[in-house]
Amino acid sequence: MSVCLVTRFCQTSSILSQFKICIRKSQRYNSSYAVSRHRWIQSLSVLPGITFRRTSTQADKDSVDLSKFPADRIRNFCIIAHIDHGKSTLADRLLEMTGAIAKTEKNKQVLDKLQVERERGITVKAQTASLFYNYEGEQYLLNLIDTPGHVDFSYEVSRSLSACQGVLLIVDANQGVQAQTVANFYLAFEAQLSIIPVINKIDLKNADPGRVESQIEKVFDIPAEECIRISAKLGTNVEKVLQAVVERIPPPAGSIDEPFKALVFDSNFDHYRGVVANIAVFGGRVKKGDKMVSAHLRKTYEVNEVGLLRPDEFPTQKLFAGQVGYIIAGMKDVKEAQIGDTLFLQEQQVEALPGFKPAKPMVFAGMYPMDQSEYQGLRSAIERLTLNDSSVTVQKDSSLALGAGWRLGFLGLLHMEVFNQRLEQEYNASVIVTAPTVPYKAVLSSAKLIKEHGSEEITIVNPAQFPERSVVSEYLEPMVLGTILAPDAYTGKIMSLCLDRRGVQKNMVYIDDQRVMMKYLFPLNEIVVDFYDLLKSLSSGYASFDYENAGYEAADLIKMDLLLNGRPVEELTTIVHRERAYTMGKAMCERLKDSIPRQMFEIAVQAAVGNKVIARETIKAYRKNVLAKCYGGDITRKMKLLKKQAEGKKKMRRIGNVDVPKDAFINVLKRKEK
Amino acid sequence: MIRSTCFPVLFRVLRRFFSEVRTDVRECASKPDLTQEASLYVHWPYCLRRCSYCNFNKYIPKENKDNIMTECLQRETETLLQLSQVSCITSVFFGGGTPSLADPSTISAVLETVSKQASLSDQAEVTLEVNPTPAGKMKLEEFHLAGANRFSIGVQSLRDKDLRSLGRDHSSHEALQTIEEARRLCPGRVSVDVMFGLPKQTAESWEKQLSELLTVCDDHVSLYQLTLERGTQLFKQVQSGGVSMPAEEVTAEMYQHARETLHQHGFVQYEVSNFARNNSESRHNLSYWRGKQYIGVGPGAHGRFVPLGEGVVAREARTQTLEPDVWIREVQQMGHGTRRRIQLGRLDLLEEVLVMGMRMTDGISHKHWELFCPQMNLHEVFGESMRVQELLLGGQLILDDRGLRCSWNGLGLLDSILPTLLAELQGHRCRQLKKYPDLQWRL
């Protein structure tokens with residue numbers, strides 16, 4: 001109960017912005033406060049006429065009538081950027097300048113609401129904020145859609161872009177164009193959006209905006225004059241950004257006179273009100289009480305509430321063509337608000353807008369409760385978390401050593417780590433995550449098996465179910481096209497790393513006299529776990545990396561087992577390329593040796609393909625392990641240490657007679673630096 | 001305060017008298033109640049120099065504070081004895097620091113204080129740690145007269161090179177002389193401490209040294225593997241690569257060899273690091289491992305006792321203030337320098353009983369366990385666990401009619417066994433509490 005209150009609380013964390021700071025402090029502990037606030041919000045929305053009683057900002061004092069904002073007074077835009085280039089800081093400034101939030105020192109990553117986002121300094125979930133801006137005496141409604149930066153969440157970016165007509169492309173004045181700048185640019189470019197390049201952090205000592213402008217010119221073919229040089233941190237030239245949004249981004253098409261038509265570009269689940277769908281209105285208007293239909297399921301709903309996101313939910317009377325906001329219509333399941341779905345009014349059917357392809361999970365891992373008694377609790381935590389993250393796929397799984405659990409599919413490793421962290425932080429769940437794997441495919445040759453599976457080609461997300469070579473005509477592995485940007489001093493090292501990961505170079509260009517952009521075709525499994533970490537460390541943090549999926553290619557794959565004292569550990573089975581089996585097997589044995597604490601007996605760690613052992617490491621037995629001196633004064637210290645070890649013992653998984661720490665299952669795939 | 005050389009003799013006579021009048025030692029020992037008796041540890045914090053391996057609570061004094069220290073030790077002894085309300089002190093141990101630097105009158109003064117408040121039998125073991133320097137040797141007779149009846153001599157090594165690298169201030173020759181003198185005074189009640197696993201030490205040189213030691217030692221030997229402690233000079237030297245320590249295989253061999261050799265010479269191993277023949281086990285140290293009460297007096301001393309005098313009924317883990325000058329001030333102001341008191345819950349106490357008891361070759365007898373845990377016997381707590389079964393089958397652990405103990409091999413691996421036993425004990429308690437929420441596990 002308290003968990004959902006907290007979640008609920010986070011979502012609506014401030015109506016009265018002057019309460020913001022104290023609310024944030026009390027988020028985790030004060031659930032009774034959350035209850036009373038919640039009731040207040042509910043009563044607010046049912047009382048007509050007081051929906052705009054916000055006290056802190058200029059716009060709120062006026063009674064906002066959204067009908068005063070025809071499409072040509074509306075601009076919908078995104079901010080896209082490489083990680084850490086200052087996207088969230090610019091968003092904070094824009095919110096402050098337009099009065100959406102009070103201007104204080106404490107506005108940091110206002111749109112990043114999740115604990116994991118704040119801790120890691122990343123954006124995971126796209127957020128929307130409607131801003132009122134006065135330009136040349138006219139009031140404009142600017143809808144800012146904040147987007148995640150990491151490649152794992154690029155599907156969120158493309159969804160957000162669909163609701164926009166333009167983007168602010170932020171580039172760090174010091175770091176210049178990076179891999180995700182390139183990836184995000186192409187997403188916007190392909191969506192045919194207006195692109196406003198913004199060079200941020202010009203206040204930094206090493207800032208070189210001139211150089212960044214020429215990179216932008218060279219890589220994106222955008223004239224240097226179009227760049228706006230700003231410091232989001234200090235607020236320098238941020239006003240110019242707002243002006244450019246009005247001047248350079250076209251207003252949304254669509255007219256109030258057309259039938260209502262809206263695109264669902266995101267959705268959240270609220271435990272009290274059901275699904276809250278974020279929509280971009282492409283035509284007509286919608287208000288409370290309207291009967292609305294979802295094009296996908298053909299189900300009819302009555303609209304309970306519409307409003308703006310400022311960035312918190314802000315109920316309004318109506319939403320009009322060109323506007324971006326939210327809608328609550330009694331949908332009980334996130335699946336009812338399919339992202340990419342089209343909404344229209346019951347009496348005025350329209351043609352559905354082109355939707356999105358559903359996000360495809362590219363990394364799979366087993367997830368198991370620490371203790372089987374926690375199974376039910378973990379199940380409900382996963383269910384609740386996936387309500388707000390429909391890109392995670394869940395399927396039941398079980399293993400001999402770990403018991404009943406699930407096999408989950410994620411968009412990438414960061415996505416998986418974030419999900420795991422949210423489980424632990426927001427639901428207090430303790431889980432074992434097994435080594436991640438990518439979705440391989442096998443083309444079956446046996447007619448019997450084809451019949452069994454109902455198709456010739458099958459996808460394998462669990463290495464334990466990898467079909468034998470004898471029944472398969474061909475194995476396929478997922479490929480990605482990677483973009484790497486780095487100073488040319490590191491080119492040699494990067495090329496040998498890529499070669500080591502079976503990368504094939506497709507292209508290499510200098511974006512200025514020092515920086516190189518390389519394109520490589522990689523098997524996904526080669527880059528999924530630790531490629532980025534290694535790339536970062538061998539380039540002293542200067543290289544950046546992004547990738548996009550590039551289909552499947554045939555590959556000579558084999559299943560490799562790992563054995564502890566001769567006993568195969570199903571959870572550690574991996575699929576490897578035949579050529580890499582030996583090095584991978586050796587590396588995995590080494591990692592496992594480092595992860596498993598020494599025990600009283602010798603432990604043989606082996607990698608095997610079929611019956612053939614291809615690598616072996618030995619964890620030596622303790623020959624002596626006892627504290628020499630233990631008298632009166634030594635007890636306290638010794639007890640502390642032993643109790644900690646006893647606690648650790650409870651958290652280990654037993655495989656045969658070997659105690660294995662839970663992080664060993666994922667560490668085993670991380671390759672050591674050479 | 002009386003400070004004459006004849007006092008200790010007088011005191012011993014008086015003590016004999018008192019012990020006859022008050023309680024007989026046998027009567028005292030037979031009392032089953034754990035709170036009736038305790039052993040006493042007295043910490044003398046001063047040293048002449050810092051040994052390179054030692055991280056113990058010791059201070060190199062700038063000025064002589066021996067008199068004040070003695071007064072305060074007496075005062076704190078008095079206070080804590082009152083607090084504990086024990087009627088019998090079963091043994092006294094003067095440790096340090098370097099207690100043999102103290103004046104022998106300090107020993108008699110503290111013993112006198114004890115005798116005034118509780119019975120201290122003439123037979124009770126009174127051990128003094130001795131640094132085998134010529135000065136230490138000279139004073140042994142006086143210490144003996146003052147009431148010490150057992151000497152524990154910090155020989156550490158019979159190789160002068162080792163002694164120098166350890167930063168000790170004695171030579172092997174001086175050590176041998178000190179042993180001889182101590183044996184003359186207290187035959188059968190002299191212990192020698194030696195260390196193995198010293199920098200650059202080989203198994204052969206250790207074995208040779210041990211044979212030499214066996215020709216001169218008395219009936220008690222403590223063997224300690226040198227442990228690297230953070231913050232010591234030796235630790236830094238090893239970290240920086242200046243000094244290399246023997247590998248684990250080598251120290252394991254040294255340990256096993258020593259156990260066998262000592263066994264051949266009639267020594268019985270009774271604890272991880274302690275060996276005795278002719279029933280010369282250290283009573284004082286045994287009482288720690290048997291989970292008995294002890295009172296710690298002096299800077300940084302630890303204690304475990306029930307402060308009945310304050311109306312508390314649970315055992316407390318108590319620590320005295322570490323720094324001698326601060327401790328002195330506190331004792332002068334409040335009568336004691338107790339800095340930290342932690343009440344031990346039922347489970348905490350059982351955990352200590354387990355961890356300490358398993359260090360003994362006899363382990364934990366059923367009777368011993370029942371004293372602390374009458375609700376649940378050893379078989380019930382440990383017998384059903386799969387992990388414990390593995391240890392039993394693996395031959396590291398023995399659980400039988402006598403009780404729970406390590407095998408010969410298991411003892412050297414005790415720290416790998418204990419986490420399993422502790423986890424089992426904790427888990428068992430959780431299960432019991434789930435099953436019977438009303439179960440009174442706390443005292």
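Contact here means heavy atoms within 4.5 Å. This is a predicted model, in which local features need pLDDT of at least 70, side-chain atom pairs count only at pLDDT 80 or more, and totals for chains, interfaces and linings use all residues. Residues are numbered from 1 along each chain as its sequence is written, chains are lettered from A in the order in which they are written, and side-chain values use heavy atoms, with hydrogens and water left out.

Start in chain B. Glu281(B) sits in the loop between β8 (274-276) and α11 (283-289); helices (H or I, at least four residues) and strands (E, at least two) are DSSP runs, numbered from the N terminus. Not counting residues up to four places away in sequence, Glu281(B) touches Glu125(B), His220(B), Tyr270(B), Ala276(B) and Leu286(B). Ser191(B) is 90 residues from Glu281(B) in sequence, and their C-alpha atoms are 9.3 Å apart in space.

In chain A, Gln606(A) belongs to strand β30 (residues 603-609). Gln606(A) counts as buried because its relative accessibility is 14%; buried means under 20% relative accessible area, exposed over 50%, and partly exposed in between (1.4 Å probe, protein chains only). Beyond its neighbours within four places in sequence, Gln606(A) has contacts that include Asp561(A), Cys589(A) and Arg616(A).

Met495(A) is in helix α14 (residues 491-500) and is partly exposed, with a relative accessible area of 33%. Glu217(A) lies in helix α9 (residues 209-220) and counts as partly exposed because its relative accessibility is 35%.
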